[in-house]
Amino acid sequence: MEFSLTPETLLKLWSTLLVGEEKRVGTRTVLVGHHPISVTEAYISQKFCSNQIVSSKYTVWNFLPKNLFEQFRRIANFYFLIIFLVQVIVDTPTSPVTSGLPLFFVITVTAIKQGYEDWLRHRADQEVNKSTVLVIEDAKHVKKECEGIEVGDIVEVSADQTFPCDLIFLASSSKDGSCYVTTASLDGESNVKTHYTVQDTANLHTCQAIDCLAATIECEQPQPDLYKFVGRINIYKDGQEPVARALGPENLLLKGATLKNTPKIYGVAVYTGMETKMALNYQGKSQKRSAVEKSINIFLIVYLCILLSKATICTTLKYIWQSIPFNDEPWYNQKTQKDRETFKLLKMFTDFLSFMVLFNFIIPVSMYVTVEMQKFLGSFFISWDKEMYDETRNEGALVNTSDLNEELGQVEYVFSDKTGTLTENTMEFIECSIDGHKYSSSMSEVDGLKHSGKAERSREELFLCALCLCHTVQVQRTDETDAVGLQPGSSSKYVAASPDEIALLQGAQKYGFTFLGQEKNIMKVQNRKREIESFELLNVLDFDYVRRRMSVLVKANEGTIYLFCKGADSAVFPRVPQAEAQRTKIHVEHNALDGYRTLCVAYKEISVNEYKKIDGLVKEATMALQDREAKMAKVFDQIEKDMHLIGSTAVEDKLQDFAAETIEALHAAGMKIWVLTGDKLETAQATCYACRLFQTNTELLQLTTKLIEEGDRKLDRLHELLLEYHKKLVGDVPQGKKRTWTLSHEYGLVIDGATLALILNPSQDSRFSHYKSIFLQICLKCTAVLCCRMAPLQKAQIVRMVKCSKGSPITLAVGDGANDVSMILEAHVGIGIKGKEGRQASRNSDYAIPKFKDLKKLLLVHGHLYYVRISHLVQYFFYKNLCFIFPQFLYQFFCGFSQQPLYDAAYLTMFNICFTSLPIVAYSLLEQHVPINALMTFPKLYLNISDNAMLQLKPFLYWTLLGLFDGCVFFFGVYFLFQNASIEDNGKMSGNWSFGTMIFTVLVFTVTLKLALDTRFWTWVNHFVIWGSLVFYVFFSFFWGGIIWPFLKQQRMYHVFAQVLTSASTWLAIFCLIFLSLLPEVLALVFRSMKRKPHQPNNPLELPMLVSYKPRENGYTAAAKAENAVTDFADHCHLRILQMQRWV
């Protein structure tokens, strides 16, 4: 074929070159089958990534440096590395092994865990990358490894196979060019979705035919949204102008999805490897940090300051003590010439570092490993909880993020979706209204509709026909568990993404109109007379959350073109004559008050000429690669106007089992619950009353569009209402403590999306700039808030507003649909419900649960226990390390600040690793200070750990003072015992290693028995690790001191432990010192128990003074009811979290 440079060709080539850079950035062009396009078309070659999937983090070569770099970014690890290097470089009193071995243990355990996890990812990657796929090359099937697929390859996929990359659907074995796909591995949705090809390629059923296709695909660059795709395909034929067709999400087959009920399909690869939507979605979410982690960092800084203070004090006192000549250079320890010539400041600095090394064990490096282990292993208890297992779906709770287990015990605000979260999302058609006439659902094909009054028969048929045509439901011919049948005993099923649409079709079917399915673009409907009517589907104006409606353009057999539209009343009423709207509005509002979901149905007839204009506008918008959604929304808005209202429908969405009881329990636990829904106000309000979010005595404060009116004064009216509510709730109510409200008069707030937009996005007028602050103060004083007609972005804005308010309250968001993902990601804790609107919410959440009722146990039991366990773990670690090091600090006052170690290097090394590690791990996983039944029965117990109560300043000071007290008891108790140097019967004198060994023995037994005293839920595991740790310590001490070790230069511990235990006074001292160390807490428990008993007969409703709980006026005392008899039960169960009482 000859090529001539005509002016038109040059102009086209030049314009293409000019936008080439834009295409490289914003779009990509794919050659289908790598076939060259027409020579008159300019094509800029683009490079695409391979189809190799790499989900692993490390390789063999970079594992060691990369993993070490990541681990030493943690402050504690880096600190111990510095201490280890100081011990190696500087002459310090302790061996580098004492710091190096624990650090090596921590680093090694973490590296092994991360390495194993990465090896599993490598293995999974190899299984995918090395799998075999069929690629069409030169009209033949060629087998390739999956990682060998390139962008532009035509791939054949057979039934029940997964798609190896993101494919544009070209053709299938079915005549209508459709295929069925499940995306369970991507978003968890088990329902079958229907995808379509463009009609121009639908007839290419063989590999020879598909290989002859000459086409290019222009599409957007890779982006992670699974439900959005913008592109177009240009099909070239000899001697003809290229044909352009729009491509959307319905034409894209995603990697990881599975082909179902279709023998085979052909598709062209457009996104491969790490550019597929599946890979982009699994590159991780932003990390959330719990309040406990922040407290740990603060405690670490405090103890680091204590360490620096100790080292500074000892260094200063050393040089004060050495200022006396005899102390500086006694006759038995003369200085060398090198010591005398050493620069004094340098000597002071090295001494300071030596003291830092000597006291460094006050920083518990092993605590981080223990905390990670506790979180990881503890998360399995949530997954294994049988009470949170849904037998109907055969699935239980899922933990996506174990880092937030303890945060479940600190929730203050719960933000919940309505549909599918509080309700079942199981729809049942109840009634309808046609031309203002109400029709019940009790009807038959013979009798027709039972009604109060009657519309014209033609209007009834038009309404039912609209229900059968205005939807995206598909009829599937094989049995599927998630589909709904057409007829009893029929093998045909309705398949839809939304249960609302199936409910409407089932309602129409009861009335005598049945949707039989769609073949190519022909929709078939069976009417009351059993006649089959055919309609040509011309266009579908898809539903979206902004428009809140969907429409179809269909052509009847007689040639009449109809636009059928269904949507929310707020989206339809403004587009129909007001007289028609008023007739139906009464029924819509009545249905909403009954808690039903309502939709309005409208239509209009379109002439052929008008349709040609509409079709041109739709094609132009759908062909756009840039801003396609905005252009389509504008076109849809122009089309969906001047319609006529036919009627409305009412569908019931039943409340989930125990939803009301769950909300009552969370409310009693001190949580404020907000419902954020896109549903209409009346429906949402009725649901809130049904689930007891609003009580009969709740005074509702409304901020709705209807109340603030339309027009120029709406901002002024909004301002007046805000000030009025602010005065009522904030101005007249005394300032209380956090999480307090009165039961005598509760307030609830109701606001819609339009009003919220005015508040969150005020005008430039300075008078309205403080709306958000006033609104927030009002909300925080309300016991419950309902936000209706909410867009997904507004849900996230509400959560962010509360999360960033004064005090930074802990927020939790729970939802089941894609429109809830934004608020789930925004909240401190995100909970996904495994519902019927897909699994986008559960996939993006921190925790996923089958039902809303499971939230009660997740928070009140698991959250409560996890917080108590990890809080005790953190405080206990700092306590036992302070007990460990403080005697070493005191010893310096008696050894001339010579940096003489009190403990042997083996004891220094193994204290945290072996002797005291397992008991606290078992405690942090198994402890139940309160029986689970009690936590479920008495939700108010949740209040006692609120506001991070166990990791506040006063509990921290208690543990610190207790550690200092015990350290003093250990040191001075043994010191006074050793006043008589020859405590052994044989007259032998005890040295400093005997002194240190005895202190260490009392230390190990005391901190272990302290944990045993704290334990309230004993299992065989607790017994094994607590008593086993003590036995192991005794065995190790005999073993370590019973052998002359050849690798040690000094055998200073030889026979020391055995010699210490030969004295009866030593045994007596050990028992007495252990008892004296534990005595303060024993006395405190007895004292509190005796103090509580005299008050029980007079005040049975008073909460017990628990060692760890805090007394608080929680707002319920004044109006306490019979259920507040929790005190009696608490006394019976000996409720305590074994923590310092927090005074407020």
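## Salt bridges across the chain

At 27% relative accessibility, K260 falls in the partly exposed class. This is a predicted model, and in it K260 makes a salt bridge to D160, with the closest N and O atoms 3.4 Å apart. The two sit in distant parts of the chain, 100 residues apart: K260 belongs to strand β12 (residues 258–260), while D160 is in the loop between β4 and β5 (166–172). D160 has 54% relative accessibility, so it counts as exposed.

What about pairs away from the surface? K795 and D417 form a salt bridge whose closest N and O atoms are 3.3 Å apart. Because K795 is in helix α26 (residues 792–803) and D417 is in the loop between β15 (413–416) and β16 (423–434), this pair ties together parts 378 residues apart in sequence. K795 is buried at 0% relative accessible area, and D417 is buried too, at 4%.

R459 and D435 pair up as well, with 2.8 Å between the closest N and O atoms. Here helix α14 (residues 457–469), which holds R459, is tied to the loop between β16 and β17 (437–440), which holds D435; the parts are 24 residues apart in sequence. Both R459 and D435 are buried.

## An enclosed strand

Strand β26 (residues 561–567) has seven of its seven residues buried, so the rest of the structure largely encloses it. In a regular strand, side chains alternate between the two faces of the sheet. In β26, I561, L563, C565 and G567 point one way, and Y562, F564 and K566 point the other, all of them buried.

Strand β25 (residues 549–555) pairs antiparallel with β26 over seven bridges, and M550 sits opposite K566. Five residues separate the strands of this hairpin, and G559 takes a positive phi near 100 degrees there. β26 is also joined by seven bridges to β27 (residues 597–606), again antiparallel, with C565 facing A602.

## A six-stranded open sheet

Another sheet is open and antiparallel, with six strands in the order β3-β2-β4-β13-β5-β11. β3 (140–145) and β11 (252–253) are the edge strands with a single partner each, so one side of each has no neighbour in the sheet. Further in, β4 (residues 154–158) and β13 (residues 264–271) pair over five antiparallel bridges, and V155 has G267 as its bridge partner.

## A greasy patch

M373, F376, L377, F380, F381 and W384 make a nonpolar surface patch of about 540 Å². W384 lies in the loop between α13 (366–383) and β14 (398–399), and counts as exposed because its relative accessibility is 57%.

Key
Residues numbered from 1 in each chain as written. Predicted model: local features only at pLDDT ≥ 70, side-chain atom pairs only at ≥ 80, totals over all residues. Heavy atoms only, no water. Patch = residues over 30% accessible without salt bridge, like charges linked within 9 Å, V, L, I, M, F, W, Y side chains within 5 Å. Areas by Shrake-Rupley, 256 points an atom, 1.4 Å probe, with all protein chains shown as cover. Salt bridge = Lys/Arg side-chain N within 4 Å of Asp/Glu carboxyl O. Helix = DSSP H or I, 4+ residues; strand = E, 2+ residues; numbered from the N terminus. Buried < 20%, exposed > 50% of the residue type's maximum accessible area, 1.4 Å probe, protein only. Pairing = 2+ DSSP bridges.
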